Amino acid sequence: MTDQIVEKVAVQTEESRNQSRRAFLKGSAAVAGGVLFTKAASAAEGAGYDPKKAVAPYAGKPEITEVLQDGAARKSLGFGVRKYPYGMPSPFEKEVQRRTLEWLTPDSMASITMTPLQSLHGIITPNGLHFERFHGGVPTINPDEHRLVIHGLVERPLIFTMDDLKRFPSISRIHFVECPANGAMEWKGVQLNSVQWTHGMMSCVEYTGVRLSDLLKEAGIKPEGKWIIPEGADAAGLTRSIPIDLAMDDCFVAYAQNGEALRREQGYPIRLVVPGCEANMWVKYLRRIQVHDVPAQHREETSKYTELMPDGTAQRFSWYMEPNSVITYPSPDFKMQGPGKYYVRGLAWSGRGKVAHVDVSFDGGKNWKEAHFTSPVLDKAWTRFEIEWNWDGSEAFLMSRVTDETGYVQPPMPQMRTLEGTNNVYHRTAMVTWRVHAWDDGKNGGMIENVQY
Amino acid sequence: MFSTNKTLVAAAVATLFAGSASAMSGSSDGASGEKINGKYAANYEEIIRAADGKYLDAKVIEAILGKDATYGRDGLEGKLDPANPYSFEVEDSIDGGNHGNAQCKIPAAFVEVHDSAKANYYNDSKFVANGFGTPIAESALAKWNIVVDGDGKGLPDPSVGMTVEEGAKIYVQFCGMCHGEFGEGAKGYLPLAVDENLVTSAFDDPAPMKAVGNYWPYATTLFDYIRRTMPFWTPNAPFIGDKGYMGMTGYILQSNYVKLDENGTEIQDDDFFNSEMLMKANKFMKNQGNFFCDHRPVIHNERCMTNCPDAQVGDGKGDIHHYKQARRLPDGTPQYNVPQRMHEDPPGVGHSGM
């Protein structure tokens with residue numbers, strides 16, 4: 001195989017590559033360069049393909065072939081154990097980072113970073129890439145001095161140390177967590193060409209902790225206790241009001257994410273997990289749960305996190321994150337490599353349960369094909385989908401559409417805009433569209449662009 | 001009952017958008033189920049369970065609510081009725097006063113949530129306390145217990161306060177540098193006092209600025225929030241104290257022209273602002289009747305696979321080449337944030353923050 005590659009590459013020149021490209025433009029061979037060394041090449045013979053004129057991409061590019069010898073990694077010893085007692089990614093992955101848009105907020109202590117979805121695989125977000133959202137900066141809390149209090153309309157007000165909490169029965173669940181402002185910058189149109197900007201205000205990790213129902217039952221809720229008001233120990237002291245029915249469904253108090261303690265950015269030492277619901281309800285640095293008879297009507301459920309409608313009314317207590325999906329490859333961070341076969345993949349999730357179907361359209365929503373899942377399908381978690389696509393090199397409009405187990409079908413943007421206007425800020429969960437420029441579209445050929453209907 | 005004010009507004013909207021919503025629904029005729037009061041199927045739970053729990057399936061919703069109350073703006077208005085199995089509204093006004101329906105609930109039709117809550121709590125007769133944790137007296141929590149709710153529970157005693165003029169001085173000293181001396185905003189921080197109309201007529205209209213006077217439904221929220229989080233660098237500051245936070249609350253409400261009674265009495269500089277005056281203002285927040293419980297989803301499409309209707313294709317009229325693009329840099333590169341990068345626009349995303 002290696003010899004074959006060297007031989008072929010040796011005879012290829014930039015000129016022949018250009019001939020190949022022109023051949024594509026004429027539509028005479030819908031074969032991507034990348035498949036020529038496989039049996040796909042012989043499959044194309046019937047379509048007038050001549051293997052003697054075979055060319056490959058990168059022809060004449062020595063950087064492809066010069067590594068076919070023993071390099072430094074092979075000729076010298078690598079570093080030993082405990083060089084990094086806490087391991088780090090390869091330095092070659094240094095571009096895979098959380099990023100922020102400086103213009104979103106006036107300072108970094110009340111701001112947000114987005115997860116680089118375009119670089120992630122599978123359904124788990126590494127802890128160091130988990131998106132961040134702070135309202136008052138990140139505190140560094142000593143867990144020995146941290147307490148959780150449950151009081152208010154309860155029979156037995158209780159104070160828990162971290163050791164107390166870890167004595168309770170534990171559960172581990174994989175859930176997505178999403179800021180309801182995910183996609184907020186794109187209500188009136190598009191301005192961001194990266195899935196990190198359009199959908200990166202979310203992550204998906206495995207949490208471990210104590211069922212909230214266990215803790216509330218331990219304190220014993222009085223009959224008039226209908227709401228809980230969780231509160232953080234940080235400078236923001238963030239609060240939300242959560243009805244008891246929701247608190248008793250599947251919430252828990254987490255002390256771990258992805259097998260290790262929570263990161264400070266995600267609420268170390270403990271945070272509330274409210275699966276499927278707005279991330280601002282997942283109170284970080286949780287120190288107090290007040291059981292109450294009415295909602296508190298606090299800032300994060302009145303002034304913020306309410307959705308203004310065109311008629312001037314506003315939705316409040318918008319707890320659940322609607323089902324949503326996005327194609328992460330190809331997406332605007334990538335460029336098509338030429339006509340041919342692609343495995344289109346992406347993420348789907350629903351705040352109300354499991355993902356049931358993901359369909360993908362290549363023609364702006366006229367026709368759809370069902371994708372298959374390449375990850376476990378879990379409750380209120382990211383689900384990874386994939387579908388084969390033979391790109392003929394012409395302009396295409398890629399969209400993904402999720403249907404969840406409740407039967408809800410993700411709507412297109414014009415429909416959502418007609419009903420909800422463009423000033424909601426939050427819960428922009430309609431489909432997005434990636435426009436793939438035709439391969440012969442000049443210097444933009446193969447470019448992938450975020451457009452909005 | 002739910003707020004009269006928002007019912008009227010919703011009805012007006014239903015007229016405004018009449019036609020467009022139902023035309024977008026992409027639904028087919030569905031069989032209507034048995035209904036209560038001529039409206040909703042009493043056996044909604046059976047219908048949902050028979051459909052494998054798919055409570056948001058277009059046909060299931062139609063069987064329960066009937067076609068009229070199912071889609072778009074009509075569906076939204078229908079859900080303002082707490083008896084609607086898909087309604088988040090609660091038939092309860094907390095203080096019987098002017099502050100609207102402050103309660104919301106998990107809709108009855110979300111059967112799996114209720115099933116889970118029953119298993120974990122309401123019907124859990126086997127729970128035995130672990131005995132972990134330490135009992136604590138409420139009195140030990142005085143420092144931490146800073147929640148003030150929409151009814152005013154948690155506010156300081158009426159003897160705690162100061163004149164609005166004194167409150168203004170504290171505000172200017174600790175808040176003015178970011179929020180402006182008159183609440184007009186500064187350094188990229190949003191204003192606290194504007195009186196913009198919240199109604200927009202076109203999708204491209206600039207987003208209305210939302211502030212205390214024109215948007216916030218409760219005045220109690222203001223006292224709770226500024227004591228909880230401000231000044232930004234040292235919240236709940238002892239050198240301001242409850243009386244100082246009360247005075248500043250009075251000043252910010254005054255800057256927003258919040259009234260104290262039906263006669264339009266305004267907050268005066270020499271008023272001693274305390275929890276009693278705050279609770280008067282709490283009943284006259286002018287936007288308080290315009291909130292309703294979140295009623296998403298109000299779009300119930302069927303899962304179309306081929307030759308989908310124009311309403312669901314491209315621009316909503318079947319044209320897939322009619323789209324909006326992001327601005328580009330001069331070399332043609334599509335980029336984010338182009339107007340700001342070109343120094344044409346000030347920082348901001350066209351809406352009043354997150």
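Me: How many residues of chain A are in contact with chain B?
Reply: This is a predicted model, in which local features need pLDDT of at least 70, side-chain atom pairs count only at pLDDT 80 or more, and totals for chains, interfaces and linings use all residues. Two residues are in contact if their C-beta atoms, placed from the backbone, lie within 7 Å. On the chain B side there are 105 such residues, and on the chain A side 97.

Me: Which helix gives the largest share of the side of chain A that touches chain B?
Reply: Residues are numbered from 1 along each chain as its sequence is written, and chains are lettered from A. Helices (H or I, at least four residues) and strands (E, at least two) are DSSP runs, numbered from the N terminus. Six residues of this side come from residues 413-420 of chain A, which form helix 10.

Me: Which strand of chain A pairs with strand 5 of chain B?
Reply: Two strands pair if DSSP finds at least two bridges between them. Here the pairing is antiparallel, over two bridges. B:Gln325 is the bridge partner of A:Val451. The strand in chain A covers residues 448-452 and is strand 23.

Me: Which strands stand at the edges of the open sheet?
Reply: The sheet has six strands in the order 18(A)-17(A)-21(A)-22(A)-23(A)-5(B), with antiparallel pairing.
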